[in-house]
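Biologist: I'd like to learn how to read a protein model. Could you walk me through one, a feature at a time?

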Amino acid sequence: MSEETRSKIHLVMGGRVKDPRGLEFENLDQMDLVGVYDNFEEAEDVWRGKAQLTVDDAEMKYVVVHLHKLLEPDLPEEE
């Protein structure tokens, strides 16, 4: 698949973490799987909105997961 047609898939998810400095989530069955997005900009906008809703709760954390990097880990990084 050429670089131009390759999808950039991003997952936005969040949940309660054991330590606010880390990414170890407490209850995987209670994760908020927000959605999957085909570009980072849209995923980042959604992440920012969800994170701001929980800004006063240090144990709630939302992240953007670059699924395309997990699916094709040997591809070179793009600039």
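Biologist: Let's start with charges. How many salt bridges are there here?

Modeller: The general idea is that side chains of opposite charge can pair when their charged atoms come close. In this predicted model, the count comes to six salt bridges.

Biologist: Can you show me one? Which residue does R21 pair with?

Modeller: R21 forms a salt bridge with D19, and their closest N and O atoms are 3.0 Å apart. R21 counts as exposed because its relative accessibility is 75%, and the cut-off for exposed is over 50%. D19, at 31%, counts as partly exposed.

Biologist: And what about K50? Where do K50 and its partner D32 lie?

Modeller: K50 makes a salt bridge with D32, with 3.3 Å between the closest N and O atoms. K50 is in helix α1 (residues 40-53) and D32 is in strand β2 (residues 32-37), so this pair ties together parts that are 18 residues apart in sequence. K50 is partly exposed at 25% relative accessibility, and D32 is partly exposed at 25% too.

Biologist: What happens when salt bridges share residues? Which residues are linked in a network?

Modeller: R16, D57 and E59 are linked in a network of salt bridges.

Biologist: Let's stay with α1 for a moment. What span should its 14 residues have?

Modeller: Take 1.5 Å a residue, and the 14 residues of α1 should span 20 Å. The end C-alpha atoms of α1 are 20 Å apart, so the two values agree. Have a look at the start of the helix as well: a side-chain oxygen of N39 comes to within 3.3 Å of the backbone nitrogen of E41 there.

Biologist: Let me zoom out. How many helices and strands does the protein have?

Modeller: The protein has two helices and three strands. Follow the sequence and you read the pattern β-β-α-β-α.

Biologist: Where does K8 lie?

Modeller: K8 is in the segment before β1. With 24% relative accessibility, K8 counts as partly exposed. The backbone oxygen of K8 is reached by the side chain of H10 at 3.2 Å.

Biologist: Then tell me about H10. Is H10 buried or exposed?

Modeller: H10 counts as buried, because its relative accessibility is 3% and the cut-off for buried is under 20%. H10 lies in strand β1 (residues 10-16). Leaving out residues up to four places away in sequence, H10 touches a list of residues including Y37, F40, V64 and H68.

Biologist: Where is H68, then?

Modeller: H68 lies in helix α2 (residues 67-71). At 13% relative accessibility, H68 counts as buried. Beyond its neighbours within four places in sequence, H68 is in contact with S7, K8, I9 and H10.

Biologist: What about the inside? Which residues make up the largest nonpolar core?

Modeller: That core has six residues: L11, M13, V17, F25, M31 and V63. Pick M13 to explore it. Not counting residues up to four places away in sequence, M13 touches several residues, among them F25, M31 and V63.

Biologist: And for the whole protein, what share of the residues is buried?

Modeller: Of the 79 residues in the protein, 23% are buried. The protein exposes about 5,900 Å², and carbon and sulfur atoms supply 51% of that area.

Note on methods:
Residues are numbered from 1 along each chain as its sequence is written. This is a predicted model: local features need pLDDT of at least 70, side-chain atom pairs count only at pLDDT 80 or more; totals for chains, interfaces and linings use all residues. Side-chain values use heavy atoms; hydrogens and water are left out. Helices (H or I, at least four residues) and strands (E, at least two) are DSSP runs, numbered from the N terminus. Buried means under 20% relative accessible area, exposed over 50%, partly exposed in between (1.4 Å probe, protein chains only). Accessible areas come from the Shrake-Rupley method with a 1.4 Å probe; for residues, only the protein chains shown count as cover. A polar contact is a pair of N or O atoms within 3.5 Å; within protein, one must be able to donate a hydrogen and the other to accept it, and residues adjacent in sequence count only if both atoms are side-chain atoms. Contact means heavy atoms within 4.5 Å. A salt bridge is a side-chain nitrogen of Lys or Arg within 4 Å of a carboxyl oxygen of Asp or Glu. A nonpolar core is a set of buried Ala, Val, Leu, Ile, Met, Phe, Trp, Tyr and Cys residues joined through side-chain atoms within 4.5 Å. The expected span of a helix is 1.5 Å times one less than its number of residues.
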